[in-house]
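Here are my notes on this model, jotted down as I went through it. Have it open next to you while you read.

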Amino acid sequence: MYDREQVFNSLTKYGEGYALDSNNNINIGTSAGFNSQTDENIHIGTNAGLYATSGNHNVYIGFESGVGGVSFGSHYNNIGIGANTLTNIATGFNNIGIGVNSLYNLTDGFDNYCFGNAAGYSLTTGTNNILIGDETGYSLTDSGYNILMGTYAGYNLNAPNNLAIGFNS
């Protein structure tokens, strides 16, 4: 029979990636969590969470989701589901990106919730944005407090405190 602890550790510490100094992680996929020095994260997909050097309680699912940069910093409580979601995350926290390329360029933002392909794509340091729909808020860079709903809603917008609802609004 299998040793339950041994099986758990193989999934949570090593998986397909190689966790340097981490505990209670799940790493599945080529280089998933490879340079991880974090605890209690889930990295599923090729290069998911690759440069996660500090920060806990993140979920990155999809090709290069949460891959970060070589200067990856502390990031906490983020969820990226879809290829290239939260790809450049560095020190952001409490962000959710669901959809291919959602929150792709986010580095230091917090409390952003983006649902849709490329939603919040250009956002780098924005805070408290809710973006729902494909390419919604695509051009936002450092804006905050926006609620944009509908495909292409706020596509060319880069200002804070907006509400836009409807296709291309």
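Where is the place of Ser143? It is in the loop between β7 (130-132) and β8 (147-149); I come back to this residue in point 3.

1. Ground rules. This is a predicted model, where local features need pLDDT of at least 70, side-chain atom pairs count only at pLDDT 80 or more, and totals for chains, interfaces and linings use all residues. Residues are numbered from 1 along each chain as its sequence is written, and side-chain values use heavy atoms, with hydrogens and water left out.

2. Overall layout. The protein has one helix and nine strands, in the order α-β-β-β-β-β-β-β-β-β along the sequence. Helices (H or I, at least four residues) and strands (E, at least two) are DSSP runs, numbered from the N terminus. Of the 169 residues, 43% are buried, where buried means under 20% relative accessible area, exposed over 50%, and partly exposed in between (1.4 Å probe, protein chains only). One number worth a second look: among contacts (heavy atoms within 4.5 Å) with a separation of 6 or more, residues 24 or more positions apart account for 0%. The protein exposes about 7,800 Å², and carbon and sulfur atoms supply 55% of that; accessible areas come from the Shrake-Rupley method with a 1.4 Å probe, and for residues only the protein chains shown count as cover.

3. Ser143. Ser143 counts as buried because its relative accessibility is 4%. A polar atom of its side chain lies 3.1 Å from the backbone nitrogen of Ala159. That is a polar contact, meaning a pair of N or O atoms within 3.5 Å; within protein, one must be able to donate a hydrogen and the other to accept it, and residues adjacent in sequence count only if both atoms are side-chain atoms. Not counting residues up to four places away in sequence, Ser143 touches Leu123, Gly126, Thr127, Asn129, Asn158, Ala159 and Pro160.

4. Asn78. Here is another loop residue, sitting between β3 (59-61) and β4 (79-81). Asn78 is buried, because its relative accessibility is 0%. Its side chain reaches the backbone oxygen of Gly92 at 3.1 Å and the backbone nitrogen of Asn94 at 3.4 Å. Leaving aside neighbours within four places in sequence, the contacts of Asn78 include His57, Tyr60, Leu86, Ile89 and Phe93. Asn56 is 22 residues away from Asn78 in sequence, with 8.8 Å between the C-alpha atoms.

5. Asp111. Which loop holds Asp111? The one between β5 and β6. Asp111 counts as buried because its relative accessible area is 18%. Beyond its neighbours within four places in sequence, Asp111 is in contact with Phe93, Asn94, Asn95, Thr127, Asn128 and Asn129.

6. In soluble globular proteins, nonpolar side chains tend to be buried together. With neighbours within four places in sequence set aside, Leu103 is in contact with Leu86, Ile96, Cys114, Ala119, Tyr121 and Leu123, among others.

7. Positive phi. Most residues other than glycine have a negative phi, and most peptide bonds are trans. Leu86 has a positive phi, near 50°. Leu86 lies in the loop between β4 and β5 (96-98) and is buried because its relative accessibility is 0%. Ala118 also has a positive phi, of about 60°, and is found in the loop between β6 (113-115) and β7. Ala118 is buried, because its relative accessible area is 8%.

8. The nonpolar surface patch. Which residues form it? They are Ile61, Ile79, Ile81, Ile98, Phe115, Ile130, Ile132, Ile147, Met149, Leu163 and Ile165, together about 830 Å² of accessible area. β4, β7, β8 and β9 (163-165) each supply at least two residues of the patch.

Note on methods
Patches are made of residues with over 30% relative accessible area and no salt bridge: like charges are joined within 9 Å, nonpolar side chains (Val, Leu, Ile, Met, Phe, Trp, Tyr) within 5 Å. A salt bridge is a side-chain nitrogen of Lys or Arg within 4 Å of a carboxyl oxygen of Asp or Glu.
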